[in-house]
Amino acid sequence: MPEHQGKPRTDPPLINPRHDDADHTWYPEAATGKTFDDVPEHIAGAADEAFKCRSFLALRAAVLMARSVVEATCKEKGITSGRLVTKIDSLAKDGHIRAHIKEAAHEIRHLGNDMAHGDFTEPVTIEEADEILEFMGEILHDVFQSPAKIARRKAAREARKASEVAEAQARKE
């Protein structure tokens, strides 16, 4: 067992070689992700990771993460059996995504399957990765974000109506 385990470390932090290597330029210095409000944390984290992969030009990884987000989204909605093609169709059949978003999900699946199964003889282009990530965002919007936004609007309207009714009752008394 290393000496420091179970005790606070007192040694100085390691120097980041990215900042001390005069022979190399590192780009980007930090990954650029994206937040996904109203999306379950584990799925939002994976979607953010897909964008971070894109920012490092790890395009195959970005596409594969997008595919994983689609599968995790299906599972989050209780669609757990069968292959991803069937899960996506069920996501649409159950009303979680619109028909054209189902097609976008299948496009993610097609390119993502190439990454997952080692069938990547051609590189993924930046344009392809960007499009796949855009499609992933549309799926998350349909499944999680739009319903949450509508629920908040409905709750605000109902609260306002209840307040108006309560005020009217108070004036009568």
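**View 1. Helix α2 passes helix α6 in a left-handed crossing.** A crossing is called left-handed if the near helix is turned anticlockwise from the far one by less than a right angle, and right-handed if clockwise. The model is a predicted one, in which local features need pLDDT of at least 70 and side-chain atom pairs count only at pLDDT 80 or more, while totals for chains, interfaces and linings use all residues. Residues are numbered from 1 along each chain as its sequence is written, and side-chain values use heavy atoms, with hydrogens and water left out. Helices (H or I, at least four residues) and strands (E, at least two) are DSSP runs, numbered from the N terminus.

**View 2. Helix α2 (residues 41-55) packs with helix α6 (residues 126-172) at an angle of about 165°, and their axes lie 11 Å apart.** That angle makes α2 roughly antiparallel to α6, since angles under 35 degrees count as roughly parallel, over 145 as roughly antiparallel, 65 to 115 as roughly perpendicular and the rest as oblique. The axes are lines fitted to C-alpha atoms, for helices over the stretch in contact, and angles run from 0 to 180 degrees between N-to-C directions.

**View 3. Residues of α2 and α6 make the contact, including Phe-51 of α2 and Leu-140 of α6.** Contact means heavy atoms within 4.5 Å, and α2 contributes Ile-43, Ala-47, Ala-50, Phe-51 and Arg-54, while α6 contributes Ile-126, Asp-130, Leu-133, Met-136, Leu-140 and Phe-144. These residues divide into 9 nonpolar, no polar and 2 charged, where Ala, Val, Leu, Ile, Met, Phe, Trp, Tyr, Cys and Pro count as nonpolar, Asp, Glu, Lys and Arg as charged, and the others, Gly among them, as polar.

**View 4. The side chains of Asp-38 and Arg-152 meet in a salt bridge (2.9 Å, N to O).** A salt bridge is a side-chain nitrogen of Lys or Arg within 4 Å of a carboxyl oxygen of Asp or Glu, and the whole structure holds 7 of them. This pair links distant parts of the chain, with Asp-38 in the loop between α1 (17-20) and α2 and Arg-152 in helix α6, 114 residues apart. Asp-38 is partly exposed, with a relative accessible area of 36%, and Arg-152 is partly exposed at 45%; buried means under 20% relative accessible area, exposed over 50%, and partly exposed in between (1.4 Å probe, protein chains only).

**View 5. Within helix α2, Lys-52 and Asp-48 are 4 residues apart and so are separated by about one helical turn.** Their side chains meet in a salt bridge (3.1 Å, N to O). Lys-52 is partly exposed, at 33% relative accessible area, whereas Asp-48 is buried, at 18%.
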